[in-house]
Amino acid sequence: MRKPLSRILLLFCLTLAVGQGYAAQFDRLQTPALASSTATRSFLLDIQVPPGSERLVAAGEQGVILYSDDQGATWQQAKTPVSVLLTALSFSDATHGWAAGHDGTILHSRDGGLSWQLQRSGLELVELQRDTLQHLLDSTPEGATPQQLDDWQYQLEDVEFALEEGAMPVLLDLLFIDNQHGFALGSYGALFETDDAGVHWRSIGYRLPNPDRLHLNAILLSRSGRLLIAGEAGLLLYSDDRGQVWQWADSPYQGSLFGLSESDQLYLMGLRGHLFSSEDGIEWSALPVPSDATLNSAVSHRGQLYVLGQSGLLLARKGEEFVRVDVPKRRSFTAGAALHDRLWLVGEGGLNEVDLAGGAQ
């Protein structure tokens, strides 16, 4: 079975870093996030407005989750049971929400983000990967090709090595289609699915045409019902049956892709200022932007698209062009959410507010 030296070294570096802090990581999984008066200035990675509400919810380092019920005038820190870095939020409605992050962590909220309960953590998701791959190899599905069997064996060896070293998955994004059906994805091609609100999860990364286990960075459900995944090295996948079968889309860029968004069209963004648009998520066209900074995500608000990225970059679409929006602090932005005439950006240095009524003009 193939196992390129470069991939062994890459995985070894990850597991070495994890293994050296093994006990500390489990402490973080068992230690609630500390209340802090400076939490609004901590490193935050995602921010959402739950559908049907006007609450802002943000998440980031050391298990910090913040919420505001007065349009960002004041912020409260939610109670969370872990102190790991949280990377993504997803709300299916005003009440039901999930957060995901490092050390295989998945949290669930039943009160719109005020309090959180642990659903998965540690090596549980890696064990799911191992058991799923072993079952596929022991009971070969009808129609499986020799190449697929080879890929699954290769993936199983990597997963078993991760278990031996205590390397827990890093979850980078998640998406709940409704209150029951959701996906979580991340490093080394990890993809998990639930259809009971996260009580049980199953590993479905084997379904992806991703034999090299490239990192999965973002997932989006388009208005047409097409699921899209963007990842490392230009990886771009889609599914038209809610995640049962996945196919390659012709990638417009071979570098890493970090964000997916939908406004008037679908938008895809990545390294070095690469931005693309598409009507269907299959064929993409490049869009010129006045920067080569990495683009991380985008926010659509009242028909306007805002793209954000490294070095304090914030762009607004004006006609056929993208123009810079001035922001007071040149910090890197990872995500944003719009509420009324305010755009809330998170990243380095915590929360940043932009007055769209004035700044976007």
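## Charge, fold and one hairpin

The protein carries 25 positive and 44 negative side chains, and the centres of these two sets lie 6 Å apart. These values, like the rest here, come from a predicted model.

Now the overall build. The secondary structure comes to five helices and 27 strands. The radius of gyration is 20 Å, close to the 21 Å that the globule rule gives for 361 residues, so the protein is as compact as a globular protein of that length. Along the principal axes, the C-alpha atoms fill a box of roughly 60 × 45 × 35 Å.

What share of the 361 residues counts as buried? The share is 55%. The protein also exposes about 15,400 Å². Carbon and sulfur atoms supply 49% of that area. Contacts tell another part of the story. Take those in the protein with a separation of 6 or more: residues 24 or more positions apart account for 47% of them.

| Quantity | Value |
|---|---|
| Residues of the protein that count as buried | 55% |
| Contacts (separation of 6 or more) from residues 24 or more positions apart | 47% |

Next, a local feature. Strand E26 covers residues 342-347, and strand E27 covers residues 350-355. How do E26 and E27 pair, in the parallel or the antiparallel sense? They pair in the antiparallel sense, over six bridges. The hairpin of E26 and E27 has two residues between the strands. In this hairpin, Gly349 takes a positive phi near 80°.

Conventions. Residues are numbered from 1 along each chain as its sequence is written. This is a predicted model: local features need pLDDT of at least 70, side-chain atom pairs count only at pLDDT 80 or more; totals for chains, interfaces and linings use all residues. Side-chain values use heavy atoms; hydrogens and water are left out. Two strands pair if DSSP finds at least two bridges between them. Helices (H or I, at least four residues) and strands (E, at least two) are DSSP runs, numbered from the N terminus. The radius of gyration is taken over C-alpha atoms; the globule rule is 2.2 Å times the number of residues to the power 0.38. Buried means under 20% relative accessible area, exposed over 50%, partly exposed in between (1.4 Å probe, protein chains only). Contact means heavy atoms within 4.5 Å. Accessible areas come from the Shrake-Rupley method with a 1.4 Å probe; for residues, only the protein chains shown count as cover. Lys and Arg count as positive and Asp and Glu as negative; His and the chain ends are not counted. The place of a charge is taken as NZ of Lys, CZ of Arg, CG of Asp or CD of Glu.
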